[in-house]
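Please read the following account alongside the sequence and the coordinates.

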Amino acid sequence: MDLLNTLVDKGLRRELPTREEALAVLATSDDELLDVVAAAGKVRRQWFGRRVKLNYLVNLKSGLCPEDCSYCSQRLGSKAEILKYTWLKPDDASKAAAAGVAGGAKRVCLVASGRGPTDKDVDRVSETISAIKEQNEGVEVCACLGLLSDGQAGRLREAGADAYNHNLNTSEATYGDICTTHDFSDRVSTVQQAQAAGMSACSGLIAGMGESDADLVDVVYALRELDPDSVPVNFLIPFEGTPLAKEWNLTPQRALRILAMVRFVCPDIEVRLAGGREVHLRSMQPLALHLVNSIFLGDYLTSEGQAGKDDLAMIEDAGFEVEGTDTTTLPEHRRQGCGEGACASEDAEEPAAVAAPSEDTRRDLVSVRRRGAGTELPPNA
């Protein structure tokens, strides 16, 4: 297939595909799926070998967010029956993080619901970062606290935060369809603030919210222009009680094509398989390891993931290995700050519409988290 040969050649040279080529990946048929995975897998192995980086989420503050992001179970007006609690104490957060590190996680991601942190919140998170780093040698800490105000990124960096996560989520053109309490530019600004403060930028997307192929390509190209070090790819978890509860638009095959497209556009960036993988990829999760080089271990913010031991078994059975704390994730050329620039922006025809989900969609696959941070039960790691 000429398209895939071209994309592999470009990926191995760190040359970015055109928009038309990225759209063509999403438009490939199920009969071509294994060829697409194999091609993107060559690019993945070129820059990351067979390593898989493990990341672990700690939800520092759950629920009761004033923002109205339609996809989120913690949003304003959400009727999802999730755990709700205020800030974890630093020692409790550190204990939760230790469970993930013991399970093999190289990075701990500290997340808090809300529009953005107050200065007092930054102090609180700084104490948590210190506690985690004191007890877990070599662990990376990523903060995800929402929109940042002036000076807060620098304070988090001084406290020891290695990275900051703030996802773009969807294309700029359709951002207003999923959120009205802030806009796309606010998110871009926060990522740029994190970069300016010297933190590694982590920014990704959510697929499956009813977006078009063009929207998916737009957000991935916007991410590439921002040039983050890691790109988490989330698949919508349609929580009952949220506006997108009926958006069951993904098949395992489409999820794999989306991951392949992201890998071709971001050949040498850490691509992370994030929330919703168990819901939408299901038994095809091991194939995704040929496309991504990073996953979350165990549970997510408000939903349960598969057992941590099953994650580790899946990685081993698929012929991959867990990346240790003594290994640097990114290729050397990116560590030296000489990554490629922005992608070209070319117009392309709209691909065929995605078929609507069948009536027998497995809505029972979404399990609300009832263990770990904020509960008396042990975490899943």
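Phenylalanine 296 has a relative accessible area of 7%, so this residue is buried. The model is a predicted one. Tyrosine 300 also counts as buried, because its relative accessibility is 7% and the cut-off for buried is under 20%.

Phenylalanine 296 and tyrosine 300 form an edge-to-face pair, with 6.4 Å from centre to centre and 80° between the planes. The other two rings to look at are those of tyrosine 175 and phenylalanine 184, which are edge-to-face as well, at 6.2 Å centre to centre and with 70° between the planes. Tyrosine 175 and phenylalanine 184 are both buried. Angles over 60 degrees count as edge-to-face, so the 70° of the pair of tyrosine 175 and phenylalanine 184 falls in that class.

The next element is helix H5, which covers residues 119-135. With 17 residues at 1.5 Å a residue, H5 should span 24 Å, and the distance of 25 Å between its end C-alpha atoms agrees with this. What does the buried part of H5 consist of? Its buried residues are Asp121, Val122, Val125, Ser126, Thr128, Ile129, Ala131 and Ile132.

Three cavities of 30 Å³ or more are counted. The largest cavity holds about 900 Å³ of space. Its lining is made of 42 residues, and those nearest the centre are Tyr71, Cys72, Val111, Asn167 and Leu301. Strands S2, S3 and S7 (230-235) each contribute at least two residues to this lining. By residue class, the lining of the largest cavity has 23 nonpolar, 14 polar and five charged members.

For the second largest cavity, the volume is about 90 Å³. It is lined by 13 residues, with Tyr56, Leu57, Arg369, Gly372 and Ala373 closest to its centre. Which strand gives the most to the lining of the second largest cavity? S1 does, with four residues. The lining of the second largest cavity divides into seven nonpolar, three polar and three charged residues.

Strand S1 is also the place of lysine 53. At 1% relative accessibility this lysine counts as buried, because the class takes in residues under 20%. Beyond its neighbours within four places in sequence, lysine 53 is in contact with Lys106, Arg107, Glu140, Glu270, Asn293, Ser294, Ile295, Glu323 and Thr329. Among these contacts, Glu140, Glu270 and Glu323 are glutamates, while Lys106 and Arg107 are, like lysine 53, residues of the charged class.

Is glycine 154 buried or partly exposed? Its relative accessibility is 27%, so it counts as partly exposed. In sequence glycine 154 is 39 residues apart from glutamine 193, and in space the two are 8.5 Å apart, C-alpha to C-alpha.

Conventions
Residues are numbered from 1 along each chain as its sequence is written. This is a predicted model: local features need pLDDT of at least 70, side-chain atom pairs count only at pLDDT 80 or more; totals for chains, interfaces and linings use all residues. Side-chain values use heavy atoms; hydrogens and water are left out. The expected span of a helix is 1.5 Å times one less than its number of residues. Buried means under 20% relative accessible area, exposed over 50%, partly exposed in between (1.4 Å probe, protein chains only). On a 1 Å grid over the protein atoms alone, a cavity is a set of points where a 1.4 Å probe fits but cannot get out, and a pocket is an open set with protein on both sides within 12 Å along at least five of seven lines; lining residues have an atom within 4 Å of a point. Grid points are joined across faces, edges and corners, and a volume is the space filled by probe spheres set on the points. Rings of Phe, Tyr and Trp (its six-membered ring) pair if their centres lie within 6.5 Å; planes under 30 degrees apart count as stacked, over 60 as edge-to-face and the rest as tilted. Contact means heavy atoms within 4.5 Å.
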